[in-house]
Amino acid sequence: MPGNLEKLRGLLAELFQLDQADLDFGIYRIMNAKRDEITRFLDQDLLPQVRRVLEERTQTERDAVQAELTQAIAQARTLGADPEGIPRVRELRERIARAGDIPALENEVFSHLFSFFRRYYDEGDFLSLRRYKEGVYAIPYEGEEVKLHWANADQYYIKTAEHFRDYTFKLPNGRRVHFKLVEAGTEQGNNRAAPGRERRFIFRAAEPLAVENGELLIRFEYRPDEQGRRQKELIADAERRINETRGFDEWIGALAAPAPTEANPQRTLLARHLYQYTARNTFDYFIHKDLGGFLRRELDFYIKNEVMHLDDIEDETAPRVEHYLGKIKAIRRIADKIITMLAQIEDFQKKLWLKKKFVIETNYCITLDRVPEEFYVEIAANDAQRDAWVRLFAIDEIHGDLTHAAYTVPLSFGFLRANPFLLLDTRHFSGHFTTALLSRIDDLDAAYDGVLVRSENFQALRLLSPRFRGQIACIYIDPPYNTGDSEILYKNEYISSSWLTLMANRIELSAPLLSEDPVLFVAIDDFEMVDLCELIDRHLSLFRREMIVVNHHPQGGKARTLANTHEYMLACVTKTSDRTLTGRTSEEGVEHRPFKRSGTAESNFRRARPNSFYAILIDPHTHEIRGIEPPPPLGVEYPTQPTESGLARAYPVGVGGAERVWRRSYESCLELIANRRLQCTVNLTVYQLIEAHDRTPALFSNWVDPRYNAGTFGANLLRDILGTQNPFSYPKSIHTVGDALFSVNLQDEDIILDYFAGSGTTGHAVINLNREDDQNRKYVLVEMGEHFDTALLPRIQRIVYSRDWRDGKPVSREGSSHTFKYLRLESFDDTLLNLRWLRRPEQQTILDENPGVREDYLLSYMLDVEAQGSASLLSVEAFEDPFAYKLNVIRGDETKAVNVDLVETFNWLIGLTVRHIDHIRGVRVVSGTNPAGERVLVLWRKLADTDNDALDEWFRRQGYNSRDMEYDLIYVNGDNNLENLRRPDHTWKVRMIEPEFKRLMFETQDA
C-alpha cells in the first residue's frame, strides 16, 4: 500500500497532468513541454522542503525544551531529589524524543497535503466546493433575497470545436475513419454517478465496425463499465478488439501505422486517435476564474478546522500548540507553492481562453444585382463559383427562352444579368478581385444585411462586443436543452451546474450588447427551465420575464410519465419598458371592439388620462355618431343632458359612476369619427371598428397553432432547403422564430443576434420578415463546427436566392437583393496548437546559477515568459508583413497553415464601423468610425515595400493631410513619421497598430 508521500506524488502528477504523456493537444501539450522540469522540481526541490521546515521548527522546539529540562534537573538536584524521579523531567525527556521523530511529522504533512488537494480536484477540474468543515459547505452569500449558486459558478465552460458524437480522421492513404457514439447512457436528473460507476467510452460489442459511404465506422458507447475499468484500460481493450475484428484487414493495417511518442515509441495511429477522442471529450472543459484565490481561502479553512482544530484549542497544552505550528508552517509553505504553480497554469489557460481570437477567414456573399457589371466577365469565367451555384441553386436546370439566357459552360454575361439573386461568394475569387469589388461599395457595413460567424459563441461575443455594444435590438437563442439529444455530456457529471456555467458565461457577455429597449427570447424545455429563470433574474436583473408555452410537437414525444407536446420561450423586456409584444392579425373580418376601456389598471381611469375622458355626441334616433366635445377640466362639473340640438352625450362612465376613459385621446378620436371608425348601438354603447390590417392584438402566452410544429415547419422545411437529412433533430419552426421577432415590432436597421444559431432559422426568419414589409432588419448569427458549413451557411445562401424550396431545389427562384459577410475565427484548440516555447541560453544560465530565482520563475512566470512570440499570442514582429501572418488551424481532419486576416481582426478589436476598404499602391486603406464617433483611418503596409519615406509621400499624394480629408485617429503598422506631416491647425492623432492590437486582444475587463 503506497505511503502518504507516494500518494501525494501521484496526486501531483495528476494535478499537473504529468500522467497524460500520450496526449499531444490542449493543456497536455503545455505540460508535456515542461514535464521533466516540473517533475524534477516537485521531487527534488519542493517536497524535500517539508523536511527542512520541520527540522528548523523541531530544532527550535528541542532547544527550548532542552533548556527547560536542564533547568528542571538543576532544580531537582538543588532540592536533593533524584531528577529522574521527577514527573516534570520525565515529561520533558518524552517531548524531546517526540520532537525528534521527523519522519512521523513529515508523514502527517504529506497526508494533509494529499487530503487538501484531493478534495477539490476531479478529473481535470477544480470544483469550487467551499468546505466549512467535513460534510458542511458554504456558499458566497451577499444578502440577496434569493440566492442561486451552483458548483461551477466561478468557472468558464470551455466549449471546444470538437463534437462529442463525431470524431473523424484521415488515414495516410486518404481514407477516413469515423468514431461514432451510439446508445449513450445518462443518469437520471442531476444525480452524480456513484464511485466506480463513472461513464466511460466503451467499444461496442454488437456491430462495432462497418464501412459506410467509403468511411470506416467504429462505434462506441458512453456508459458505466461493469468491471470498473479506467479509460486507459478500455482504450487498450478497444485497440485489441478492433485489431482482432475480421473482414477489415486493409483498414486495420492502415490503423497500425506507427505514431510514436518519446513515452510510447510503439504507439499506433489507432491508439493515438483513441486517446484523443476520449480525452477531448472528458477533459479540459472548465477553467477556474480565480483558482489561486479560491485554493488559498480553502487552505485557511482546512488548516483552522482540520489541522489546528480551533474548536478544541482552548483545551490544548502549549507543547501541543507548538506541535501544531510546526505542521502548519510546513503545510502552508508547500501548499502555497503548489497553489502558486497550479494558479500559473490555470491563469495561463484563462489568458488563452479570454484572448480575443484572430479572424482567420473573411468572405462576402453579394447578390449579382449589387455587383457592378464590369466584374461579370471574370465572374462568368470562374469555374469554382459556377460549380458552387450548380450545387447550391441547381442553375444547370435553367433553360433559356427568347428573353432569358440559358445555363452554359462557361456562363454567359446575359445569364448573370438575368439572374440577379445569384450570390457571389468571394471565397472563390482572388484577394485582388475581392478588394476591388469591396472598394466599389460605399458605406460597407451599412450594405451588409447580416454577419455570420463560425466560432465558439463565447469567443465570438468577445470579439463582436466593441462593434455591437448597445446596438442589438433583439436576441433570440435556442440553447441546448441539456436533455435528450441535446444533453451535453459533462466529464464530471455535474449536469445542471455545468449547463448553468455555459449559459451564465454567455449571457454575461451578451448583456452589454443590448440596446436601450431590447427584447430577449430564450427557448427551453422543462428540464432546465427553472434554473434558467433564476439565472436570468441574477444576470439580467433589470429585465422582467414572461413565459410563452409553444405546442411544438403536437404528436407528443416519447413518454416517461407524460408525452410532452410543448416547450417554453422566455420573453424578457426591461422592467422600465412600456413595450407590448404583439401577435399577428387575422387575414379577414372586422372586429367591433368596445371603445370604453375596462380593467383595473390606473391607465383605464380619468384621473390618469384626462385627455381621454370626453363626451361622444350621438343622434338618439339614428344612433349615428355626430361628433365629440373637448375633455372637461378635472374637478369641474360637466354636462350630461342632451345638447341644445338634441344629441345625446355619452361618457365612458362605468358601474357605480366610475369615471373611465375611451380607448383614444380626444385628438385621435376626431380622426376615427372623420374616417367613420366608430359605431353606436341602440343602448348607446360605442364600438371601434378595426379591420384586419389595423389590428395589433396582444401576444398570447399559449401558442397552439399547427404552424409552430417543429417537425413540419422545422425539420421538413430544412430538409426541403438542404435536400438532405439535416443534422438537427428538431430545428425550430420558422413560424415560431418569425412570430417572436414580429412581436417586437423591429424597425428598419434593427439588429437581431442569435449566438446559438444552429441551422440558421433566426436568419431565415429575419429575411422572411424583411420580405413581408420591405424593411431592412439585420442579423448576426454565431455557430461553431461543421454545422456552420453544412447547414447554416448554405441555408442562408439558398433562402436569399429563392423563398421556396423542395427536395433541395429552388421552386420559384424569387429571391432578395442581399449582402452578408461570414467570418471564421481562430478556435481555442487553434490557440493551443500554435503555442511555442522558447528559453534563451542566458535565461537558463541565470536559472542554473540562482536556485531561488529558479523556484520563483517555475512557480509564477515560466509559461507566460516562454510562450511570448507564439503566433496565437500575437507575434508583433510579424506585423512587418501583415498580409503574411500565419497560424496553424484545425480544418476538419487536418492542420493547415493559413493567413490571419489582421485587417479584419483589428477592425473588430477597435469596434470600427467600416465605411470603405481599398488597396492603393501597396497600402490597405480602411476608413470608418469608432464607437466614440471618431473618424478613423487605418493604414496597413508591408514595411519592406513601403518604408517611412514612401509612406510619407503616399500620404501626401492621397491628400490625407488636407482639411477636406481630416480624420480624428490614424492607425499605422510600424514606426512612422506621419505626425510630422500634421499642420498646426489639424487635430488628428497617429497611433501605432501593434501596441493597440495587443492591448485590445488581451483586454479582459468585459469577460
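**Entry 1: Asp 449**

I began with Asp 449 and listed its contacts; leaving aside neighbours within four places in sequence, Asp 449 touches Arg 370, Asn 776, Arg 777, Lys 778, Tyr 779, Ser 817, His 818 and Thr 819. The model I am looking at is predicted. I placed Asp 449 in the loop between α16 (444–447) and β14 (450–454). Is Asp 449 buried or exposed? Its relative accessibility is 4%, so I noted Asp 449 as buried. I then looked at the partners again and found that the side chain of Asp 449 has a polar contact of 3.2 Å with the side chain of Arg 370.

**Entry 2: the whole protein**

I stepped back for the totals. The protein has 31 helices and 37 strands. Of its 1007 residues, 53% are buried. I looked up the accessible surface, which comes to about 45,500 Å², with 48% of it belonging to carbon and sulfur atoms. For contacts between residues at least 6 apart in sequence, I noted that 72% join residues at least 24 apart.

**Entry 3: aromatic pairs**

I describe a pair of aromatic rings by the distance of the centres and the angle of the planes. The count for this protein comes to 42 aromatic pairs. I looked up the pair of Phe 116 and Tyr 302: the ring centres are 5.6 Å apart and the planes stand at 65 degrees, which is over 60, so I wrote the pair down as edge-to-face. Where do Phe 116 and Tyr 302 lie? Phe 116 is in helix α6 (residues 102–118) and Tyr 302 is in helix α10 (residues 291–307), so this pair ties together parts that are 186 residues apart in sequence. Phe 116 is buried at 1% relative accessibility, and Tyr 302 is buried at 4%.

Next I took Phe 358 and Phe 997, which form a tilted pair with 6.2 Å from centre to centre and 40 degrees between the planes. Phe 358 sits in the loop between α11 (318–354) and β12 (359–367), and Phe 997 sits in helix α31 (residues 993–1001), so the parts tied together here are 639 residues apart in sequence. I checked burial as well: Phe 358 is buried, with a relative accessible area of 0%, and Phe 997 is buried at 0% relative accessibility. I followed the ring pairs onward and found a cluster that links Phe 358, Phe 879, Tyr 885, Phe 906, Trp 940, Tyr 971 and Phe 997.

**Entry 4: charges over rings**

I noted two cases. Lys 351 lies over the face of Phe 1002, at 5.3 Å from the ring centre. Arg 935 lies over the face of Tyr 967, at 4.7 Å from the ring centre.

**Entry 5: helix α30**

I finished with helix α30 (residues 948–958), whose buried residues are Leu 951, Asp 952, Trp 954 and Phe 955. Why do I put them on the same side of α30? They cover an arc of only 165 degrees around the axis, and therefore share a side. On the other side of α30 I found Asp 949 and Arg 957 exposed. I then asked which strands the buried residues of α30 pack against. They pack against β33 (913–920), β34 (923–929), β35 (935–941) and β36 (969–972).

I also looked at both ends of the helix. At the start of α30, a side-chain oxygen of Asp 947 comes to within 3.3 Å of the backbone nitrogen of Asp 949. Just after α30, Gly 959 has a positive phi of about 80 degrees.

Technical notes
Residues numbered from 1 in each chain as written. Predicted model: local features only at pLDDT ≥ 70, side-chain atom pairs only at ≥ 80, totals over all residues. Heavy atoms only, no water. Buried < 20%, exposed > 50% of the residue type's maximum accessible area, 1.4 Å probe, protein only. Helix = DSSP H or I, 4+ residues; strand = E, 2+ residues; numbered from the N terminus. Arc of directions from axis to C-beta. Contact = heavy atoms within 4.5 Å. Polar contact = N/O pair within 3.5 Å; in protein donor to acceptor, adjacent residues only side chain to side chain. Areas by Shrake-Rupley, 256 points an atom, 1.4 Å probe, with all protein chains shown as cover. Phe/Tyr/Trp six-rings, centres within 6.5 Å; stacked < 30°, edge-to-face > 60°. Lys NZ or Arg CZ within 6 Å of the ring centre and 35° of its normal.
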